[in-house]
Amino acid sequence: MNGVHDMGGMQGFGPVVAEADEPVFHAPWEGRVHALTGAGFRFGGWNIDAWRHALERVPPADYLRISYYERWLEGFTELLVGARLVSREELARRRAGGVARPLAAVTEAPPTRGETPFAVGQQVRAKTLNPGGHTRLPRYVRGRLGKITAQHRDQVFADANASGHGAHRQPVYQVRFEARELWGEAADPNSAVYLDLWEAYLEPA
Amino acid sequence: MPDDHHHHHDHAGDAQTAPSDIALRVKALESLLVEKGLVDPAALDAIVETYEHKVGPRIGARVVARAWIDPGFKARLIADGDSAVAEMGIDGVEGRQLVVVENTPLVHNLVVCTLCSCYPWAVLGLPPVWYKSAPYRSRAVIDPRGVLAEFGLTLARDIEIRVWDSTAEVRYLVLPQRPAGTEALDEAALANLVSRDSMIGVALAGAPKRAAA
């Protein structure tokens with residue numbers, strides 16, 4: 001989905017602010033959210049792609065307003081409710097869980113096949129795709145030319161796995177995109193961005 | 001718009017006086033899941049303990065120091081990160097691949113996850129707030145030199161910048177350059193020169209610490 005989580009290339013968020021001597025968790029509740037979420041993969045049975053998609057479905061204004069672990073609490077609560085392990089009524093009665101109501105999940109099956117395998121050194125184009133569900137193809141590379149620099153081990157296809165449409169394991173390629181191809185002629189000529197892209201995201205160019 | 005950074009401070013401050021709303025909500029959720037028999041509080045304690053005290057960037061620093069003194073290890077590390085760190089007794093994460101990218105006099109590497117917060121937990125622990133923040137996720141790919149400058153790192157124009165956007169189940173660790181004048185140091189002393197930030201790529205190894213190491 002073209003959500004606000006897909007931040008690559010956006011402008012206007014201001015400078016990067018680093019915190020000195022930052023603790024792992026800033027309050028005990030953050031550690032509990034982290035641990036509950038980790039435990040949820042076992043007792044809830046959902047996968048990492050469904051988890052990421054739950055975070056992406058936090059409504060955009062909330063996504064930007066709340067902190068990282070508050071977002072986790074929202075996503076975790078959504079998965080608990082979706083798996084019928086808890087009900088919204090139980091949560092409300094106990095004043096437990098998240099407060100934002102995540103957007104509905106898209107359940108239509110994504111295209112899962114690449115047309116062809118690729119070779120290291122080959123030029124490829126990232127497809128122009130705008131799926132309503134989970135995808136790991138960021139907007140800023142769609143339609144852009146890149147070059148395959150390595151082939152990784154086959155991986156579960158995130159787009160399909162997130163919505164329960166199966167693993168569809170396939171090759172994942174490391175693809176190099178020149179900064180000028182992504183951002184135009186004014187971009188740094190001596191800079192490139194590498195992404196790891198599933199075969200289904202790519203076409204020959 | 002408040003950034004994550006200030007937000008966290010607010011909550012940490014609240015926690016010292018009265019439990020914040022969110023702390024109460026999390027506590028209520030945990031107790032509900034405990035009553036349902038879904039989670040064991042002791043198991044949660046163990047997870048928190050692991051991330052607070054057992055994993056963290058000192059693991060990655062040991063890997064980097066070993067690569068600096070052992071060319072054979074370095075070659076194996078770059079060829080297959082998972083197998084190489086396993087030699088040091090470091091467990092990877094099932095289904096994830098560790099790729100180590102080497103800085104050279106002509107190439108500087110920078111790691112980001114524009115879509116969420118993917119980060120090499122096995123060797124660096126959990127990411128800092130800035131790594132997960134909108135400013136970093138948005139700008140690292142479109143203005144890497146500007147981001148590096150904010151971290152106090154200005155690189156010559158003839159040094160190529162490679163930005164690694166962690167879009168699949170591959171995690172990236174930067175192998176920084178060994179600082180000059182460190183020939184006499186042993187592996188443990190070298191590891192002390194390797195900051196977390198240098199393994200993300202926003203600092204050089206052995207560089208003076210800025211706000212966050």
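I started with A:A192 and found that this residue stands opposite B:R162 in β3(B). Strands here are DSSP runs of E with at least two residues, helices are runs of H or I with at least four, and both are numbered from the N terminus.

The model is predicted, so I noted that local features need pLDDT of at least 70, side-chain atom pairs count only at pLDDT 80 or more, and totals for chains, interfaces and linings use all residues. Residues are numbered from 1 along each chain as its sequence is written, while chains are lettered from A and ligands numbered from 1 in the order in which they are written.

Next I looked up the strands: β4(A) and β3(B), residues 160-165, run parallel and are joined by 5 bridges. (Strands pair if DSSP finds at least two bridges between them.)

Then I checked the contact between the chains. Chain A gives 63 residues and chain B gives 63 residues; two residues are in contact if their C-beta atoms, placed from the backbone, lie within 7 Å. On the side of chain A that touches chain B, the elements giving two or more residues include α1 (28-44) and β4 (191-198). The largest share, 11 residues, comes from α1(A).

My last stop was the largest nonpolar core, with 109 residues. Such a core is a set of buried Ala, Val, Leu, Ile, Met, Phe, Trp, Tyr and Cys residues joined through C-beta atoms within 7 Å, where buried means that 20 or more other C-beta atoms lie within 10 Å of the residue's own. A:V193 and B:V64 are among those with the most contacts inside the core. Leaving aside neighbours within four places in sequence, I found B:V64 in contact with B:L175, B:P176, B:V194 and B:M199.

How values were computed. Buried ≥ 20, exposed ≤ 12 C-beta atoms within 10 Å, placed from the backbone.
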